[in-house]
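Reader: I am new to this structure and would like to discuss its aromatic rings. Could we go through them together?
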Amino acid sequence: MKSNSWRQFKAILRKDIVMELRTKEMVSSMGLYAILTMVVYQIALAEAGESFDVRLVMPGLIWVAFIFMSMLGLNRSFVHEKDQGCIEALLLSPVDRPVIFFAKATGNLIFLLIVEFLSLPIFSFLFMQGRAGYGNPVWLLAVVLFGASVGIAAVGTLLATMTVNTKGKDVMLAVLFVPLMYPLLRAAVGATFAAVIGGPGSVETFWAFMAWVVGYDAIMGLVAYGLYEFVIGV
Amino acid sequence: MKRNPLAEIMLVLGGLLTTAAYFMTFFWAPPTAYPDGRVDFAQKIFYFHVPVAEASFLVLIFTAYYGIRFLMTRQRIYDTKAKIATEVALFFVLLTMATGILWTKVEWGVWWQWEPRLTTYFILTLAVIGYFVLRNSTEDEERRAVYASAFGILVFINAPISFFITRWLESIHPIVFGGGKGSGLETTMLVTFIIAQVGMLMLGYAFYQLRLREEEFKERVEALKIEIGG
Amino acid sequence: MAESAQANTAVQVRDLTRAFGVRKALDRVSFDLPGGAFLSIFGPNGAGKTTLVRVLTTLLNPSSGTASVCGSDVVTEAVQLRHRIGLISHNPLLYPDLTAEENLLFFSEMYGLDDPKTRVRELLESVELDHRRLDVVSTFSRGMLQRLSIARALLHRPDVLFLDEPYSGLDPHAMDILDGLIAQIRGDHTFVMISHDLDKGLELCSHALILARGKVVLFEKREEIDVPEFRATYRATVGTGVA
């Protein structure tokens with residue numbers, strides 16, 4: 001039974017990756033969205049002048065971009081399950097429902113991380129050249145990106161499974177997603193800020209924020225996992 | 001359908017107690033003072049604000065509890081109960097927001113401040129509104145009930161996390177806006193506060209029961225319609 | 001597998017009720033279907049046909065009463081049950097961005113088949129789609145999709161096949177192909193079909209069931225059915241409309 005679940009997990013994940021490689025739907029739309037957001041940021045910061053230290057707002061800006069783009073991707077990831085009724089065929093097969101949750105969430109996490117790791121250097125290239133660099137080693141940023149994306153993927157997968165069956169799915173996802181994301185986003189921005197600005201004590205602050213991120217991932221991930229079986233069954 | 005005299009008693013009693021607490025706030029509980037000796041009149045709102053805030057959170061416990069009961073049993077009545085609990089919670093959450101904003105204006109001179117309690121309640125307000133938006137945009141009845149239950153549980157678990165992280169942030173940031181409310185309550189203040197709190201909970205209970213009865217009537221009408229149709 | 005299914009009762013339904021609040025989608029439905037039978041379920045929209053099939057295929061739990069397929073209870077033995085049923089719907093239930101072969105291989109993995117490659121090849125040949133196996137499903141015609149979806153439903157050699165209005169949306173040619181395929185596999189399976197088309201449903205079935213407002217109005221063997229009378233009963237239920 002155990003190995004069967006693992007086989008099913010791999011099959012769902014592989015299927016999602018193959019489909020994504022073929023259509024590039026999620027990654028391209030999320031990537032494009034991230035770049036467009038940066039254009040808007042350029043406008044938003046235009047009057048702030050050269051002396052303005054963009055590093056102070058950068059953590060907030062990248063997480064704004066990431067949270068909205070993640071919703072775009074999460075929505076997509078269920079639209080093709082729903083479109084031809086494939087989810088029904090999936091549910092008819094002898095698969096434990098949590099396997100579907102883990103596989104879909106893992107797929108979403110992978111696509112999210114790909115776009116995040118591609119768009120962060122672009123952000124640095126566009127906004128941070130010729131200014132003070134990062135205060136702490138860049139790998140700390142990778143830690144936050146990964147940690148927060150886990151929570152986004154877990155809660156987002158559950159919510160997207162629901163909202164795909166509602167009227168106005170995209171808006172609905174935002175309405176449910178943002179309030180639930182509040183603590184995670186707040187901690188992610190805090191950790192990113194500590195990593196970017198640096199200074200004495202910043203590493204400790206970083207890890208303190210990361211503790212919140214991990215705590216959120218653990219608690220909300222567990223709840224999402226527990227609720228998934230009910231939500232996917234109706 | 002049986003009447004529920006308890007709900008009516010609670011409604012009257014809750015009304016009396018909250019009114020009594022209102023008068024006690026101004027005529028019995030002693031005023032507090034700022035460190036510089038000025039009278040802190042805005043503190044009076046505390047007798048209304050805190051009971052409402054605590055009631056809202058208590059009611060949310062029922063949203064989550066009935067959500068879980070619904071998911072376990074699939075009995076529609078639990079979803080109805082969860083929905084009504086959330087309605088009452090929304091009522092209290094909005095009152096909390098309104099009184100919170102008033103207090104912020106008087107105390108800090110601005111209408112809005114991203115202060116931990118206000119921030120948490122702002123997020124909570126959005127989440128509770130989201131709960132009803134979700135209900136309205138899900139057509140199938142059972143699906144609506146399952147989704148609402150799941151989201152209600154998520155909100156209930158998420159709310160304290162939001163609250164504690166904002167509190168924790170306050171502790172690591174320099175405190176810009178003084179928030180000292182004076183520790184330790186005098187007996188008269190405590191009694192006033194408790195009466196306000198109990199009255200508010202009674203009102204919450206009464207609203208809940210009366211709304212539940214209304215829903216039960218609707219259900220009966222629905223059942224009768226089906227009977228006549230057959 | 002097939003022989004044992006024919007010997008026993010394939011589908012057993014006892015007082016099956018499915019309700020939400022005061023609305024009953026299914027109201028004390030009971031019937032027994034022997035193995036190898038072909039059941040056609042008729043009824044107006046909202047009569048509970050889809051709900052019945054969704055309960056029998058473990059996608060919905062009953063509110064009360066019991067149901068079992070091939071001796072497995074729909075609630076307590078859902079996983080075993082799923083190994084023994086297949087569904088052919090008017091929706092193809094295939095991923096449009098995967099190739100025919102990838103789709104079937106994916107579902108083979110979900111069913112934990114032992115030698116998926118051989119099985120998939122074998123099935124693609126039997127539905128005459130072998131030459132298109134590397135093509136993405138979104139390029140398929142309606143009839144090809146239906147054939148592939150039959151292959152998908154047969155992957156794990158199920159005993160009972162559920163057909164949810166399989167003929168809707170098919171052109172006459174595709175209907176002929178579907179007829180041919182059903183005739184081919186008819187001997188080895190028990191069928192439960194939801195149908196809007198009275199003629200088609202009666203032509204294929206060995207048993208017929210009419211549902212109206214969640215209740216069984218009629219359950220008879222094909223040879224006992226008096227067609228004009230049957231039509232009249234059916235028309236009367238359509239008149240009652242949606243509960």
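Reader: Is B:Phe163 buried, partly exposed or exposed?

Author: This is a predicted model. In it, B:Phe163 is partly exposed, because its relative accessible area is 23%, and buried would require a value under 20%.

Reader: How many aromatic pairs are there over all chains?

Author: The count comes to 36 aromatic pairs over all chains. One of them joins B:Phe163 and B:Phe164, with ring centres 5.6 Å apart.

Reader: Why is the pair of B:Phe163 and B:Phe164 edge-to-face?

Author: The planes of the two rings stand at 65°, and planes over 60 degrees apart count as edge-to-face.

Reader: And what about C:Phe42 and C:Phe230, how are they arranged?

Author: C:Phe42 and C:Phe230 also form an aromatic pair, an edge-to-face one with 75° between the planes and 5.6 Å from centre to centre. C:Phe42 belongs to strand 3 (residues 38-42) of chain C and C:Phe230 to helix 9 (residues 227-240) of chain C, so the pair ties together parts that are 188 residues apart in sequence.

Reader: Is C:Phe42 buried or exposed?

Author: C:Phe42 is buried, with a relative accessible area of 0%.

Reader: A change of topic: which residues form one aromatic cluster in chain A?

Author: The cluster is made up of A:Phe101, A:Phe102, A:Tyr225 and A:Tyr228.

Reader: Where does the charged end of A:Lys104 sit?

Author: The charged end of A:Lys104 sits over the ring of A:Phe78, 5.1 Å from the ring centre. In chain C, the charged end of C:Arg152 sits over the ring of C:Phe107, 5.8 Å from its centre.

Definitions and conventions: Residues are numbered from 1 along each chain as its sequence is written. Chains are lettered from A and ligands numbered from 1 in the order in which they are written. This is a predicted model: local features need pLDDT of at least 70, side-chain atom pairs count only at pLDDT 80 or more; totals for chains, interfaces and linings use all residues. Side-chain values use heavy atoms; hydrogens and water are left out. Rings of Phe, Tyr and Trp (its six-membered ring) pair if their centres lie within 6.5 Å; planes under 30 degrees apart count as stacked, over 60 as edge-to-face and the rest as tilted. Buried means under 20% relative accessible area, exposed over 50%, partly exposed in between (1.4 Å probe, protein chains only). Helices (H or I, at least four residues) and strands (E, at least two) are DSSP runs, numbered from the N terminus. A charge sits over a ring if NZ of Lys or CZ of Arg is within 6 Å of the ring centre and within 35 degrees of the ring normal.
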